[in-house]
Amino acid sequence: MRRALLCALVLLATGVVPAAAQPQQTPRQSRTDILQLVSQSPVIEPDGVFMLRLRVVGVPTGARLRLQVRNRVPTRIDFNAAVSGRFPRGTVGQPIETPAVPDASGIAVATIATRDPQSTAPPQAGTVRLGEGVYPVSVDLVSSSGATLDSLLTFLVRLPTSHDSAPLGVAVVLPEGGRLARQPDGSTALDPSVAQLLLSHAAVLQTHNSIPVTIAPTPETLDALEPNTLAEVKKGAAGRQVTLTPYVRMHAADWLTAGLDAEVKRQFTSGVATVRSKLASPDETTYVADGSITPEFAELLRERGVKSLVVPDVGLSPLDGRVFNRTLTQPFTLKDLDGVQVAAADAGLSAHVAETGDPVLDANHLLADLAVLFFDDPPDTRGTVVAFGNDQRIDPQFLDTLLSGLAPSNRMLRPMTLSTMFSAVPRAGSKGETNGKGAALTRSLVPDKDSGAGGFAGNVHAAENELASYKTMVTADNPRVHDFESRLLVAGAAELSDSDRTRYLDGVRDSITNETHKIEPPPRQTISFTARDGVVSLTLRNATGYPVKVHLLLEGEKLEFPDHQDGTVDVTLADERTQVQLNVRTRASGDSPLDVSVMAPDGGLEVGRTRITVRSTAFSGVGIVLSVGAGTFLAAWWIRNVVKTRRERRRRLKHLAAGNGGRLAT
């Protein structure tokens, strides 16, 4: 029943992924795509039978399957040459042909019987003598006339006769995430193909629940999953190691260069909290880098408690080929990073994803590549990391085939989590020691060139400051805070361009502004006082739908506020309308402006401002005394001036009369 569910989910996932969402694929080793590998024997024991199940489509009458075993590939160089179609070592035995007659489901079966070269049994017709190792197998679909209609290349892996060799540890790291779901405007739009892919992965993991796999989730994706899908993803991750991851995939080294240390730490803090609440408690001591890292970032991880680190091999200093003439399959240390053990993620292994376009064939190529690594040095305890990139789409059929090939029947390979690998595999020595003795091999980080985050840093700080101010206005459980914080985190995603990041940051700031615009300051008005003291009633409106704390700043040169000497009032707007009664004292009659600014409690955001006119018609005692005094003075001056003027006139008249013989002029 579980297998049937898996198949249904795999087919559904394959159907819903649009072509544009598919990663670019290397053309498969097939010309007409009428031949496809459905399954094969992952490994065979000595004298075992290698079986292939092939889907053949549109096969003409008389067509045959021709199988040719080629000589063993002893090194990864030979293996990669074979994958590319170069076979310098010749063939083993004669081609084996079988009619390409499919059953009702379109599946044709072909087999190769093998015989160990050391076997004393008489050889049988049609058998191929094969010792332990990895052998390329060419599969050609030919017509009745001998023309090749289609072809593919796979590998036959014959197990060693001895059971004494330690298996090669294989730590598969499966990223679980997809394109960003959170949009710049705050909406969530998860690509349906991402949800379906994770659902299919969950079905595969549940089917192979005994095979250890390390999960590297993207918290932002988990946040966007609907509950039923998340429940299945959680089942698939049950009992498996889940690594430390930031909230979104990011170029953390660039952020540190730009001075965004606090933001990087916040990414990890939020990522851990999300994974813990949605999936499982992550192992915060293990981190898998999906790109090269800088010493500064490695130090930040160490300070955060990381003790086991996986870094792509291209991000590490090269090894001395005279000492390490084979692929390094052991942990080592990093220069100037005490207390942290490191393993290189083998890019050649993860590169088999989408190698041919046939997911089952690609997975078998990966298993064969791992077998070549095993035969490099089978007596030693070793381990390798298959860390798939976040930009790689892991087809459910690929994952199913890979985990099937890591089953206990494959005694050359031992699947394990990263934590098990770091604890079970001895570190490499600087002189090539494989037993954990001697001086430890130490390598240096070789980071990529800084892609630049300086301009982004200034925009981030501006948005963070506005959010920090907004947070002082609302309660800690306000859901908008989490929404704004998540959108700020998403703005740092590595997949975004500079313009996209700006859109996210501007979206957060616009949303905060929209919320604060729902808070209206008191309307403009004129209030008359008939006395020196009076009450000003301020009405504030809160249309946010949740309680808001604001800080009122009162300013008026001719006004005093007896109850608020510093000119500030803290108010909680719990209802849609809130009235604030202010006791106000006027210093003079007439109109006095009162400016009211509505601010966030920390003063970082101004919600609005208004001007209220306080008109006073009252006189003070001092004013009355001064007015009476001024009036008395003016009256005395006027009377004195009138008397003086009259006296002066009489004097002039007398003088004129004396000059005219005592007669006044008329």
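User: Is Asp395 buried or exposed?
Analyst: The relative accessible area of Asp395 is 13%. Buried means under 20% relative accessible area, exposed over 50% and partly exposed in between (1.4 Å probe, protein chains only). Asp395 is therefore classed as buried.

User: What kind of model is this?
Analyst: Residues are numbered from 1 along each chain as its sequence is written, and side-chain values use heavy atoms, with hydrogens and water left out. Local features need pLDDT of at least 70 and side-chain atom pairs count only at pLDDT 80 or more, while totals for chains, interfaces and linings use all residues, since the model is predicted.

User: Which residue forms a salt bridge with Asp395?
Analyst: A salt bridge is a side-chain nitrogen of Lys or Arg within 4 Å of a carboxyl oxygen of Asp or Glu. For Asp395 and its partner, the closest N and O atoms are 3.4 Å apart.

User: How many salt bridges does a search of the whole structure find?
Analyst: One of them joins the side chains of Arg179 and Asp191, at 1.9 Å from N to O. Arg179 lies in the loop between strand 9 (168–176) and helix 3, and Asp191 in the loop between strand 9 and helix 3, 12 residues apart. Arg179 is partly exposed at 39% relative accessible area, whereas Asp191 counts as buried at 17%. The total for the structure is 34.

User: Which residues does the network that includes Arg585 and Glu560 join?
Analyst: The side chains of Arg585 and Glu560 meet in a salt bridge of 3.9 Å, N to O. Arg585 lies in strand 25 (residues 577–586) and Glu560 in strand 23 (residues 559–560), so the pair ties together parts 25 residues apart in sequence. Arg585, at 28% relative accessibility, is partly exposed, and Glu560 is partly exposed at 29%. Salt bridges that share partners join Asp533, Glu560, Arg585 and Arg587.

User: How many strands does the protein have?
Analyst: Helices (H or I, at least four residues) and strands (E, at least two) are DSSP runs, numbered from the N terminus. The protein has 16 helices, and its strands number 27.

User: At what angle do the axes of helix 3 and helix 5 cross?
Analyst: Axes are lines fitted to C-alpha atoms, for helices over the stretch in contact, and angles run from 0 to 180 degrees between N-to-C directions. The axes of helix 3 (residues 192–207) and helix 5 (residues 227–237) come within 8 Å and cross at roughly 35°.

User: How many nonpolar residues does the contact of helix 3 with helix 5 have?
Analyst: Contact means heavy atoms within 4.5 Å. Residues making it include Leu198 and Leu199 of helix 3 and Val233 of helix 5. Ala, Val, Leu, Ile, Met, Phe, Trp, Tyr, Cys and Pro count as nonpolar, Asp, Glu, Lys and Arg as charged, and the others, Gly among them, as polar. The contact has 3 polar and 2 charged residues, and its nonpolar residues number 6.
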